[in-house]
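User: I would like to go through this structure feature by feature. Please give the rule for each feature, then the case.

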Number of protein chains: 4
Amino acid sequence: MSIKNNAPTKELGFGKYIATEGRLMRANGTFNIERKGTSVTKNLYFDLIVMSPWRFFLTIFVTYLAINIFFATIYTLVGAQLSSVEGQQVMGIWIESFFFSTQTLTTVGYGRVAPVGILTNSIASFESFIGLLGFALVSGLLYGRFSRPRATVNFSENLLVSPFQNGKALMFRIVNTSKSELINPEVQVMFAFNDIDDTGAIVRAFRSLPLQLSQVMFFVYSWTIVHPLDENSPLQDWSEKDMEERKPEFMVLVRATEEANQQIVYARCSYAHEDIVFNARFKPNIGKNEDGIPVVQVDLLNEYELLG
Amino acid sequence: MSIKNNAPTKELGFGKYIATEGRLMRANGTFNIERKGTSVTKNLYFDLIVMSPWRFFLTIFVTYLAINIFFATIYTLVGAQLSSVEGQQVMGIWIESFFFSTQTLTTVGYGRVAPVGILTNSIASFESFIGLLGFALVSGLLYGRFSRPRATVNFSENLLVSPFQNGKALMFRIVNTSKSELINPEVQVMFAFNDIDDTGAIVRAFRSLPLQLSQVMFFVYSWTIVHPLDENSPLQDWSEKDMEERKPEFMVLVRATEEANQQIVYARCSYAHEDIVFNARFKPNIGKNEDGIPVVQVDLLNEYELLG
Amino acid sequence: MSIKNNAPTKELGFGKYIATEGRLMRANGTFNIERKGTSVTKNLYFDLIVMSPWRFFLTIFVTYLAINIFFATIYTLVGAQLSSVEGQQVMGIWIESFFFSTQTLTTVGYGRVAPVGILTNSIASFESFIGLLGFALVSGLLYGRFSRPRATVNFSENLLVSPFQNGKALMFRIVNTSKSELINPEVQVMFAFNDIDDTGAIVRAFRSLPLQLSQVMFFVYSWTIVHPLDENSPLQDWSEKDMEERKPEFMVLVRATEEANQQIVYARCSYAHEDIVFNARFKPNIGKNEDGIPVVQVDLLNEYELLG
Amino acid sequence: MSIKNNAPTKELGFGKYIATEGRLMRANGTFNIERKGTSVTKNLYFDLIVMSPWRFFLTIFVTYLAINIFFATIYTLVGAQLSSVEGQQVMGIWIESFFFSTQTLTTVGYGRVAPVGILTNSIASFESFIGLLGFALVSGLLYGRFSRPRATVNFSENLLVSPFQNGKALMFRIVNTSKSELINPEVQVMFAFNDIDDTGAIVRAFRSLPLQLSQVMFFVYSWTIVHPLDENSPLQDWSEKDMEERKPEFMVLVRATEEANQQIVYARCSYAHEDIVFNARFKPNIGKNEDGIPVVQVDLLNEYELLG
């Protein structure tokens, strides 16, 4: 975000494809865009890494069931030469084959039901190989999910217009929700709005917003980021009506070094005009416990009070 | 690629070993070079990490079969003291030993066939140890394959000479095929061509090509990289004949921060003179879906139209 | 820590929430702060990665027991259709179920006790699946614990006021306890103390302390960091009484490249006024072995002698 | 290595503990130093990661045997309630227990021999838990060994004094032995030698050696690093006798971005005076194969010819 204050649109990487309606970035910081014509498998690892834990578990479990159903059917088709499985109906054989398959795939192999002939043995050998490979794969995915660096930054839901020094300022607040410290965090805010160009057409303009303080050494408490609405602000003369009509969007990028994995991490967030609260002030979210140690109340991050 | 515009060849690291025929870089960005006299094992991990998924699977599976054939032969040679395996021909014993081996290596261990004496037991103990180690190794390889940072950048197959402002420009287009965003991408283009030195000999010369824009903040849509053919371009006065005879090669290096693993990744690509299309223009590859959200058509990356 | 010598408090990221009593940083370099209102699960991975090995082992083992107790109870409740388990009392069935459960969860599956009916088989299939997933998870955690980059820097327990050139200096000593080299270490010291502001109130002030040498190329021996108490020091005129009453705190940040994983690592430490020893000097902690090779005595790091 | 040409010794991090005899760095780039008084366990991971593959395999295997001997003894001591093991001598019971232990630890669990009573079952449950944990640990170690970033740089064994332009130059040669490219390699050379200080004592002095070229873009072929022995060289006026008596040591640091893992890697090397060859020249180590593609002969890296 080394954009100068009047840098042209292009340098942001949005090109000319910019709507004057709709957000560029969703509130959670993901881009409001769809990609088509790209293969699913290319994104499979990424999808499996970022999906919710429960969806991940379900995906793995359904795959586990599907593989066992497949192999149970194969065993049944080839005659299921399995010890202790004799003289049964097809359905009974399939069920015994299914459980035998789960015992093979997970390599638990009790052996009450065990393969006997060459064909059944061969399939079982292959299935246990697949099982180990599959669970090796799941191990990798699980580790990939754990160890993915992520900035555990929470953003306040609202952007306040608060009194500041002798004037006003735009303010939002961030907090680190993790015990893993974030070192040297740096914040940048990009501002998009509808403007009128030389030909009188409505175009989307971009500005970088100067901040009172854009980097700190440590990020142990919460941090209120302040854009003073002074002579350096492109928003200085905006009325509340402007704020609505010109559809401003504030895109925030936080960059920090995460301590547990000591890697550089990014967090993004976007505020639209409906997230702005005028004439309000954040309530303190830091107290002390009985031992006099400061306590950061992460859940009070967005608490504010409206002013007269 | 901090090469000045007239930097000597040496700083590129190609030294004097440069042919005036043949490419330095293949179209896919790998270097056109062979290394001899280096041990295979040193590159084993790298090879296993970069090979195609199917080749990887096959390599693992063939290794699995080979280990089982080896152990089956050993068991047969030492007399195969295995429960339920008695009074059989050698081939029958070998087959039972083979399946027992697979059950041991994968640790499925049904137990219908189980080791009895000290010798067979010792070998089986060792084999199950090898099995666990082997699959630990495969787990590591699989995770290494997944988590390898890679810039999921697609390059247009062609390099166009397109109208640009009042003149012309060389243009190619890149797109991110992954859902994982690429942050702060930076592009550099190195240009190699045949030149004549003071002695009249044909030598290979190198120039860095100035770009209209070499870095953007976000890379959410596709990005057309533009080298204007103006007074700053070493190509300004080249005819189409020059383009063919002087065997130009355009080596592209893209550097970005990949979001899923938050690491810096590189992508390379090379265009030779046969990839150049004169007097053409890229077709738009971005549309909107029914919800008004921009859609990037990754598969239309190389679509262009020839101009009058 | 790119703080200028008279940089205001804010840039440190501590904001206005600073006590004039109590430390900002504990001696071991962690921040003296508590976070509330944040979900436990968000920190689970971090907690499991940083806890002591024994606590980690115990956590895993207790979880293992709990899962087996859970499944043993389930098997008993559904009637425990297990081979070799017949005609027993409930307690006997539960105990057999418990061991069957451990054999299923770890996939050892001896098979002396094996599931028979559909219900028991289904639960066992699920349990072995959970077992593999669980141990895949533990594999990931163990690797995460190993591979966590960490600066293996030991700090001397005390901060000495030692003779230095024609005056005095504050000195502390650091050593690398690992065989993995630390490359290009850089040290910064931040100094906090009680000051009196314009209104006469006691406030916490911050200064960066200039060091005689703040970065070296290699860190193979021990390194004595020196802050000369000269005209550039905010501490120059302090009496020993000031040192106690103004509650100084010296926060140290070491940054280096760790060789085994070739990553940038940080180490922190904090000295309070009770850690200061006046008029003392560190004893040498480097000798030679019988082969003339230098020997660093890591355990002599804090050895000092009091002077006259 | 941002040392100025006349920077004092201290900034290197070697302090005053410098011998005027013996090398600071061994030829392979490790420091010639021993650390005492530090715990073994702190370095255990590092040791296991860097040891040779065969030593690693042996360490794991011996640990595997030791654990099984331990558990076999425990089973024997508690009476070994194992199916199929009855009426045997103590030694026979111990041997059966040993193999049962291996089947439990690796979770192969054939079940021919299976635990029966509560005590034996409890120990077996614990052992299979330990087994899975242990192999999870080995998985992590194996992955740590694979994925450790390493600059696969080979250095020529000798440092040549070769003709260069109108004078002479010190030269050594490096090559990348891996298929994984090294991007943007940078070389720095630090030079240590015996000097005489103001008091007439022999002291060890340090200089950084200016190089003809210290960084290149790509490192696809081999690279000859050149320090011209001109007016900028501290070695300009040295005789061959000086080279021996003043015990020069040349410490080389290479820094590059490794492509497979896209991480920054370091390689070090040291040349002592006995490695210097006067009046010699490296032979070409690059040819072409039948397809006209350049071939780098990694094994010819140190090939040189003595000149008249």
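Analyst: Helices (H or I, at least four residues) and strands (E, at least two) are DSSP runs, numbered from the N terminus. The model is predicted: local features need pLDDT of at least 70, side-chain atom pairs count only at pLDDT 80 or more, and totals for chains, interfaces and linings use all residues. Residues are numbered from 1 along each chain as its sequence is written, chains are lettered from A and ligands numbered from 1 in the order in which they are written, and side-chain values use heavy atoms, with hydrogens and water left out.

User: Where is N279(C) found, and what is its phi near?

Analyst: Most residues other than glycine have a negative phi. N279(C) sits in the loop between β10 (276–278) and β11 (280–282) of chain C, and its phi is positive, near 55°. Buried means under 20% relative accessible area, exposed over 50%, and partly exposed in between (1.4 Å probe, protein chains only). N279(C), at 31%, is partly exposed.

User: Is Q165(B) buried or exposed?

Analyst: Q165(B) has a relative accessibility of 67%, so it counts as exposed. Q165(B) belongs to the loop between β3 (159–164) and β4 (167–176) of chain B, and is a residue other than glycine with a positive phi, near 50°.

User: How many bridges join β5 to β6 in chain B?

Analyst: Two strands pair if DSSP finds at least two bridges between them. Strands β5 (residues 182–196) and β6 (residues 202–209) of chain B run antiparallel and are joined by eight bridges. I196(B) has I202(B) in β6(B) as its bridge partner. Five residues lie between the strands of this hairpin, and among them G200(B) has a positive phi near 90°.

User: Which strands stand at the edges of the open sheet of three strands?

Analyst: The order is β1(B)-β13(D)-β12(D), with mixed pairing. β1 (34–36) of chain B and β12 (286–288) of chain D are at the edges; each has a single partner strand, so one side of each lacks a neighbour in the sheet. β12(D) pairs with β13 (residues 294–297) of chain D in the antiparallel sense over three bridges, and I286(D) has V296(D) as its bridge partner in β13(D).

User: What is the area buried between chain C and chain A?

Analyst: Buried area is the accessible area (1.4 Å probe) that two parts lose on being put together, summed over both. Between chain C and chain A that comes to about 5,400 Å², with 62% given by carbon and sulfur atoms.
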